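Work through the exercises below with the sequence and the 3D structure open beside you. Try each task before reading its solution.

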Protein chains: 2
Amino acid sequence: MDKIIIEARVNELATRKGNPHVPFLPGEIIADAKACHDEGAAIVHYHGRADDGAPDHSPAFYLETNAGIRAQSDILIHPTLGYVANDADALGRFAAVEEMMKSAETAPDFAPMDCGSVNVDWWNPEEGRYDTTDLIYKNSTGTLMHFAERIAHYGLKPYLVSWNVSFTRQIEQFLKMGVLREPAYICFCMTDEIIFAGHPGTEAGLDAHTAFLPEGFRTVWTVVNYKGDLFELTEKIIRSGGHISIGLGDYAYRDGARNMTNAQVIAKVVAQAQSLGRDVASAAETRDILKMPTVRIAA
Amino acid sequence: MDKIIIEARVNELATRKGNPHVPFLPGEIIADAKACHDEGAAIVHYHGRADDGAPDHSPAFYLETNAGIRAQSDILIHPTLGYVANDADALGRFAAVEEMMKSAETAPDFAPMDCGSVNVDWWNPEEGRYDTTDLIYKNSTGTLMHFAERIAHYGLKPYLVSWNVSFTRQIEQFLKMGVLREPAYICFCMTDEIIFAGHPGTEAGLDAHTAFLPEGFRTVWTVVNYKGDLFELTEKIIRSGGHISIGLGDYAYRDGARNMTNAQVIAKVVAQAQSLGRDVASAAETRDILKMPTVRIAA
């Protein structure tokens, strides 16, 4: 069984109400990336955030943050394209990555492709109603093909997010077309509690993803529980040969009464993996497992 | 186990290249509805089509067709809201139904709600590529709440289509909110061969739907295989207590070298259900199984 790849998902759109350790600004994200690397994370995923926590998708944010992360460790960098907060056309959504590719110091290692479209409204469990009613995360086939072309052009690794079986089937078609290359790195994005866009973060929810991994193609899969406690599934994932993507961006993890830091969440995953006999992949080993290409800086 | 509800899906967007018996015009649909009723179908679902097969979502088409179907039998009527061919706003997409509700002769019994959003591009298996790259079937939460309100207002039964687990989870939230009422009638729309938007039409594909039926709510479920052969699953569905929605709209069904008619497809399902000991529900029995409300004509 491959060594386990652990990705730190440090902030997403999470507020500090649930956990005050969520990093927003470049310096905070850079510090968290280093701390998570030192605990065993091979990949860091982050969203640009303003000091009040609002999304900040300016290229400048990503350039500063990527350069700062690179200067401190070899952790692999996986930025966002902006989720529903960036509802531009395909070129606009990829613009920040194009800027990042102008220098080796600021280039990431992955770029995400959420391989389909899905309603992503926020549920309010106290009120028993939706807080939003118009959020469709739209990723058309044409937009995804643009992303795939640019990702391949730059030698980045596509980080393929699947929210449901429809997404996984689209990934399979892209593999058949050669739009994507093996091994496909697929993240099963499960959701709970305040968003029901993905499968539930249960054993059944995971089984209903892995049953549809593209046949006849080499795939590597990791799991997220967005807004749910992924530790309910980590033992199953570790034993099944899957990988783990986790952090305060997804869930306000606690250890008893104490708010955990991202680094503490990573340390807990590492300890569980090792206790189950599975070693943790370094950043270099992750590049090898995922057969990552060589990044090409823009001319 | 309830008697089995059989729905004839007579035309959808199917061409006559695959099977020349696909009905397009009102008179053709009316004749097929009667023939399917006589073989045991309790529900008929159709799309308005011009004589060249192009979509025709003019209210006049639906008024004429519904009235003609009503005049010949008590088969329950389930029109479309236009699928991706009708990309209007929520009011615009429901406009044809509002027109149908002005008279008992033209009122349908169901109105559909596809409970989520999904990419629905067409795959070209000969060329190994997508023929379309921009088709997102967009059904926002707000649009669905508008449909649900109007459907309840008129005493119609919502026909809840689920293309993947994300859709089923949205149905569950609507049940929690009271936006939908029990029993929820859910159609698992599986897809094959030239569209990969739904689960595959396999036992695993069906299991990955039924595993997520909303807990704590009464549900009744039926199954479609859009562009695949549903007969590969009908025995499992019949034995599992599910219902069957099938017709030339989905697949160019053949009996050996002979192109089947919609009525012949229905007769084949009826024979299989009876051979497995499951009786077929009449239209009146279907109203009872689904606890269908009384239709209220617009004032």
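The model is predicted, so local features need pLDDT of at least 70 and side-chain atom pairs count only at pLDDT 80 or more, while totals for chains, interfaces and linings use all residues. Residues are numbered from 1 along each chain as its sequence is written, chains are lettered from A and ligands numbered from 1 in the order in which they are written, and side-chain values use heavy atoms, with hydrogens and water left out.

**Exercise 1. The interface**

Describe the contact between chain A and chain B by its residues and its buried area.

Solution. 

Step 1. Contact means heavy atoms within 4.5 Å. By this rule, 41 residues from chain A and 41 residues from chain B take part.

Step 2. The size of an interface is often given as the accessible area lost when the parts come together. Buried area is this loss (1.4 Å probe), summed over both parts. Between chain A and chain B it is about 3,000 Å², and carbon and sulfur atoms give 60% of that.

Step 3. Now take the polar pairs. A polar contact is a pair of N or O atoms within 3.5 Å; within protein, one must be able to donate a hydrogen and the other to accept it, and residues adjacent in sequence count only if both atoms are side-chain atoms. Across the interface there are 27 residue pairs in polar contact, with both residues at pLDDT 80 or more.

Step 4. Find the elements on the chain A side. Helices (H or I, at least four residues) and strands (E, at least two) are DSSP runs, numbered from the N terminus. Those of chain A that give two or more residues to the side touching chain B are β5 (118–119), β7 (129–130), α4 (141–153), α5 (165–177) and α6 (203–210). The largest share, eight residues, comes from α5(A).

**Exercise 2. A salt bridge and its partner**

How many salt bridges link chain A and chain B, and what surrounds D192(B)?

Solution. 

Step 1. A salt bridge is a side-chain nitrogen of Lys or Arg within 4 Å of a carboxyl oxygen of Asp or Glu. The count between the two chains is two.

Step 2. One of them joins R169(A) and D192(B), with the closest N and O atoms 3.3 Å apart.

Step 3. D192(B) lies in the loop between β10 and α6 of chain B. Buried means under 20% relative accessible area, exposed over 50%, partly exposed in between (1.4 Å probe, protein chains only). D192(B) has 15%, so it is buried.

Step 4. Beyond its neighbours within four places in sequence, D192(B) is in contact with R169(A), P200(B), G201(B), N225(B), Y226(B), K227(B) and G228(B).

Step 5. One of these, K227(B), sits in the loop between β11 (219–226) and α7 (234–240) of chain B. K227(B) is buried too, with a relative accessible area of 13%. Its phi is near 80°, a positive value in a residue other than glycine.

**Exercise 3. One face of a helix**

Which residues of helix α3 of chain A are buried, and what do they pack against?

Solution. 

Step 1. In α3 (residues 90–100) of chain A, the buried residues are A90(A), R93(A), F94(A), A96(A), V97(A) and M100(A).

Step 2. These residues are on the same side of α3(A), because they cover an arc of only 145° around the axis. The arc is that of the directions from the helix axis to the C-beta atoms.

Step 3. An α-helix has 3.6 residues a turn, so residues three or four places apart point the same way.

Step 4. The buried residues of α3(A) pack against α2 (59–72), β3 (76–79), β4 (110–114), β8 (136–137) and α4 of chain A.

Note on methods: Buried area is the accessible area (1.4 Å probe) that two parts lose on being put together, summed over both.
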